[in-house]
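Thank you all for coming. I would like to take a few minutes to go through how the chains in this model meet, and then to look at a handful of individual residues.

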Amino acid sequence: MSEILKAFWVGGFICLIGQLLIDKTKLTSGRILVLYVCIGAVLGSVGIYKIIADYAGAGATVPIIGFGHNLSKSVLKEVADKGFTGIFTGSLKAAAGGISATILFGFIAALVFNPKEK
Amino acid sequence: MNKKIGNQTIKFASPPVIISAASIAGKKEGEGPLKKYFDVILSDNLKGEKSWEKAESKIVENTIKIAVYKAGLTIDDIDYIFGGDLLNQDTGSTFGVRNFRRPFFGLFGACSTMGEAMGLAAMAIDGGFAKNVIAGASSHFCASEKQFRFPLDMGNQRPQSSTWTITGDGTVVISNKGSGPRITHVTAGKIVDLGVKDANNMGAAMAPAACDTIVTHLKDTKRSPNYYDLIVTGDLGYVGHTLLKQLLAQEGIYINEEKITDCGIEIFNKTAQDTHSGGSGCACSAVTFCGYFYPKLKTGELKNILFIPTGALMSTTSSGQGESIPGIAHAIAIESRVK
Amino acid sequence: MEFYKGDAEKYKRMVKNTEPKSPILFDCIKAFIVGGGICVVGQILTNNFIKTGYSSDDSALITNIIFILATAILTGLGLFSKIGRFSGAGTIVPITGFANSVVAPAIEFKKEGIVMGLGSKMFVVAGPVIVYGVLTSMAAGIIYYFWRFF
């Protein structure tokens, strides 16, 4: 049960920081996403994010930071396994599942639905 | 005979008459405080068309038909159509007037377009180049969001200083004779840019231009602000309106609270409709003037107004390149009866 | 009336004083609860997939795919924008925000054609996320590659 509580507060806290950025700096959502992915990739590559992910589980993997963490985790693993070519094959390998799912569901949704007025 | 007075103002020799006005407003606008004043309120902002852009053009076409009908004319009596909108290359207006086969001047003044159109139309009449002229402006919330901001289905929050683009079209028929309120003066605005870059705070970007035009108009006409029953700006919203009053005060001009207002404030109920700083877009000043203020001028409930549509002249490209937002405002002095 | 140099600075201060403030505390509470709630759902899903025998990485991936699917449906129905208006970063920061930023332009721009509209505008918001995410992680990979020689 405490696993769920950990996921809640860490995940919630990461979103709270994002909200502060939106309200205080007027960053658009696209820029927030870019910022978070880059932060995730940096934190992941120096090993800090792994500690957070081990602690918070989905609280760390569901936010977009986790996506950045995945990218760098996979690059480092590929470099360790394959050497030089790993730099090129690593990052998108980790992102493949998420990006492919987004393209597929996005495409189907676009065929099925029309834009809705607010 | 020289009709220009002062620095930027035209005084018409025989003031052109606004013989009719028509307005079509979107669904949300039709739920606001001005709902009983619009000619048509859309139940669906797509208006049975395939896209927002096509819907806007349909709205333009229908508003012109209503305005011409109300004036007791047919479209063939119209010498020129002056109109514009916010879409790329003025397509909203262009496709809207496509079937009329009348001479068309496509204008771009961003949200100040209604002022630009009415000013030029009145000049064409008083210059003797035309008998009956149409001036109008349109915008569409969904098409504007798509072009300038985000796709509609994006789940983000709108900043508190942002405004809500009006869906609709306001069109007037201006004539050299007939009965109705008359346009006595036009003060064409110049571009004023005080370096505001926030596209979510267009009221702040336009307020200095509105101030500049008001000050210039009063100086050119040697009038005091109290001369007018009402000074009505276009789409400054709550933020821009507050700034305008501060800027005017710096110039030593104090206007009573009830004698200065903004179409962007009038058109929505801020708290109930969650529109933050108010309404904006070409149609904001156009539908509010045509629907709400024109009848008041016609009946004499308002003796005269200074109508000042305001525009923020940026594009997504200029904003992307770090440019600030230039503002513009055109003042149209309208008298219920000319002495 | 003329505006002089220096007026811009003065005006900037005026604008700052006039700007309405966002209800930051309320916004943050909403973002915290909704964002945390999404992660809780994620944790429950992930736990279940681990129980059925998937690796923890695969479980996290399947969880994210479910979130992406749910976002695509909610976006298409026009509900995501309503939720997002309430929750702000609470739905932007989780993977739901990424998915929404792909699905929303895909739906919006299909009017301009299925190839150059839907196809090319699909990543108009999310494209930079992938570009800079990949570049940052590649930089990490390059540093790591050379670091191993020392």
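Between chain A and chain C there are 2 salt bridges, where a salt bridge is a side-chain nitrogen of Lys or Arg within 4 Å of a carboxyl oxygen of Asp or Glu. One of the salt bridges joins Glu19(C) to Lys26(A), and their closest N and O atoms are 3.0 Å apart. As a reminder, side chains of opposite charge can pair when their charged atoms come close.

Before I go further, please keep in mind that this is a predicted model, in which local features need pLDDT of at least 70 and side-chain atom pairs count only at pLDDT 80 or more, while totals for chains, interfaces and linings use all residues. Residues are numbered from 1 along each chain as its sequence is written, chains are lettered from A and ligands numbered from 1 in the order in which they are written, and side-chain values use heavy atoms, with hydrogens and water left out.

Staying with chain A and chain C, 67 residues of chain A are in contact with 73 residues of chain C, contact meaning heavy atoms within 4.5 Å. The two chains bury about 5,700 Å² between them, 79% of it on carbon and sulfur atoms; buried area here is the accessible area (1.4 Å probe) that two parts lose on being put together, summed over both.

What does chain B share with chain A? Here 16 residues of chain B are in contact with 9 residues of chain A, and about 1,000 Å² is buried between the two chains, 48% of it on carbon and sulfur atoms. The count of salt bridges between chain B and chain A is 1, and Asp198(B) forms a salt bridge with Lys26(A), with the closest N and O atoms 2.5 Å apart.

In chain A, Lys50(A) pairs with Asp54(A), the closest N and O atoms being 3.0 Å apart. Because these two residues are 4 apart in helix H3 (residues 48-56) of chain A, they are separated by about one helical turn; helices (H or I, at least four residues) are DSSP runs, numbered from the N terminus. Lys50(A) is partly exposed at 48% relative accessibility, whereas Asp54(A), at 57%, counts as exposed; the rule is that buried means under 20% relative accessible area, exposed over 50%, and partly exposed in between (1.4 Å probe, protein chains only).

In chain C, Lys30(C) forms a salt bridge with Asp27(C), the closest N and O atoms being 3.7 Å apart, and both lie in helix H2 (residues 24-51) of chain C, 3 residues apart. Lys30(C) is buried, with a relative accessible area of 12%, and Asp27(C) is buried as well, at 6%. Returning to the place where I began, salt bridges that share partners join Lys26(A), Asp198(B) and Glu19(C) into one network.
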